[in-house]
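Please go through the structure below with this report at hand.

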Amino acid sequence: MANLGFRLINRTRTSNPIFHQRIHQFCSQPPSPQALPINAPPPTNYSGSWLTHRFFSYILLPVLPYGLAYPGKVTDVLIATCLVAHGHLGLSVIVTDYVEGGMAPGAKLLRFIRKTILGLSIGTLVGLLYLTFADIGIANTIRGIWAVKSKPRE
């Protein structure tokens with residue numbers, strides 16, 4: 001019974017010569033200039049960024065617990081590098097997906113936002129590396145924060 005319904009719908013569309021003529025006219029004419037986007041960004045392939053982001057995510061999975069269990073400068077540098085790269089790529093994807101779509105390509109505000117993200121990432125990496133080499137390290141700082149006990153109430 002359902003097959004009969006499909007035949008009736010299909011027959012009404014295909015047996016109408018005016019329908020075919022209008023479809024042919026519509027498909028054969030070039031698009032109007034008003035239909036084309038004015039400042040369309042060039043098509044890009046984001047698979048490389050996605051793979052890099054996933055790479056740093058998967059590196060963080062074993063490095064964070066290992067670094068907290070066995071603190072050292074090598075694991076602290078790995079933690080710092082992976083955390084900053086993961087955060088930088090994540091913020092860049094947010095800008096690409098949500099901010100860039102509403103702006104013309106090459107807009108000054110967009111360049112400012114991208115440079116600000118880069119500056120924040122570099123500043124964060126420098127701060128974490130300073131904590132690693134000039135202070136007690138990232139893992140020992142986290143362990144120290146967890147070890148803080150509240151004062152007993154009197």
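Does S92 count as buried or exposed? At 19% relative accessibility, S92 counts as buried. Here, buried means under 20% relative accessible area, exposed means over 50%, and partly exposed lies in between, with a 1.4 Å probe and protein chains only.

This is a predicted model: local features need pLDDT of at least 70, side-chain atom pairs count only at pLDDT 80 or more, and totals for chains, interfaces and linings use all residues. Residues are numbered from 1 along each chain as its sequence is written, and side-chain values use heavy atoms, with hydrogens and water left out.

**Overall fold**

The protein has 6 helices and 0 strands. Its pattern along the sequence reads α-α-α-α-α-α. Helices (H or I, at least four residues) and strands (E, at least two) are DSSP runs, numbered from the N terminus. Of the 154 residues in the protein, 16% are buried. Contact means heavy atoms within 4.5 Å. Among contacts with a separation of 6 or more, 61% join residues 24 or more positions apart.

**Helix 4 against helix 5**

Helix 4 spans residues 73-99 and helix 5 spans residues 108-134. They pack at an angle of about 170 degrees, and their axes are 9 Å apart. That makes helix 4 roughly antiparallel to helix 5. Angles under 35 degrees count as roughly parallel, over 145 as roughly antiparallel, 65 to 115 as roughly perpendicular and the rest as oblique. The axes are lines fitted to C-alpha atoms, for helices over the stretch in contact, and angles run from 0 to 180 degrees between N-to-C directions.

The crossing of helix 4 and helix 5 is right-handed. A crossing is right-handed if the near helix is turned clockwise from the far one by less than a right angle, and left-handed if anticlockwise.

Which residues make the contact? Helix 4 contributes residues including V77, V84, H88, L91, S92 and V95. Among those from helix 5 are L110, R114, I117, L118, L125 and F133. By class, the contact of helix 4 with helix 5 has 14 nonpolar, 7 polar and 3 charged residues. Ala, Val, Leu, Ile, Met, Phe, Trp, Tyr, Cys and Pro count as nonpolar, Asp, Glu, Lys and Arg as charged, and the others, Gly among them, as polar.

**Residues in and between these helices**

S92 lies in helix 4. Leaving aside neighbours within four places in sequence, S92 touches R114 and I117. S92 and L118 are 26 residues apart along the chain, with their C-alpha atoms separated by 9.0 Å.

E100 sits in the loop between helix 4 and helix 5. E100 counts as partly exposed, at 22% relative accessibility. Beyond its neighbours within four places in sequence, E100 is in contact with V95, L110 and R114. E100 and L110 are 10 residues apart in sequence and 6.9 Å apart in space, C-alpha to C-alpha.

I122 belongs to helix 5. At 48% relative accessibility, I122 is partly exposed. Its C-alpha lies 9.7 Å from that of A85, 37 residues apart in sequence.

T75 is found in helix 4. With a relative accessible area of 10%, T75 is buried. Apart from neighbours within four places in sequence, T75 is in contact with V63, Y66, G67 and Y70.

**Aromatic pairs**

How many aromatic pairs does a search of the whole structure find? The search finds 2 aromatic pairs. Both are set out below.

| Pair | Ring centres | Plane angle | Class |
|---|---|---|---|
| F55 and F56 | 5.4 Å | 70 degrees | edge-to-face |
| Y66 and Y70 | 5.2 Å | 50 degrees | tilted |

Rings of Phe, Tyr and Trp (its six-membered ring) pair if their centres lie within 6.5 Å; planes under 30 degrees apart count as stacked, over 60 as edge-to-face and the rest as tilted.

F56 is buried, at 17% relative accessibility. Y66 is partly exposed, at 48%. Y70 is exposed, with a relative accessible area of 54%. Y66 and Y70 are also among the contacts of T75.
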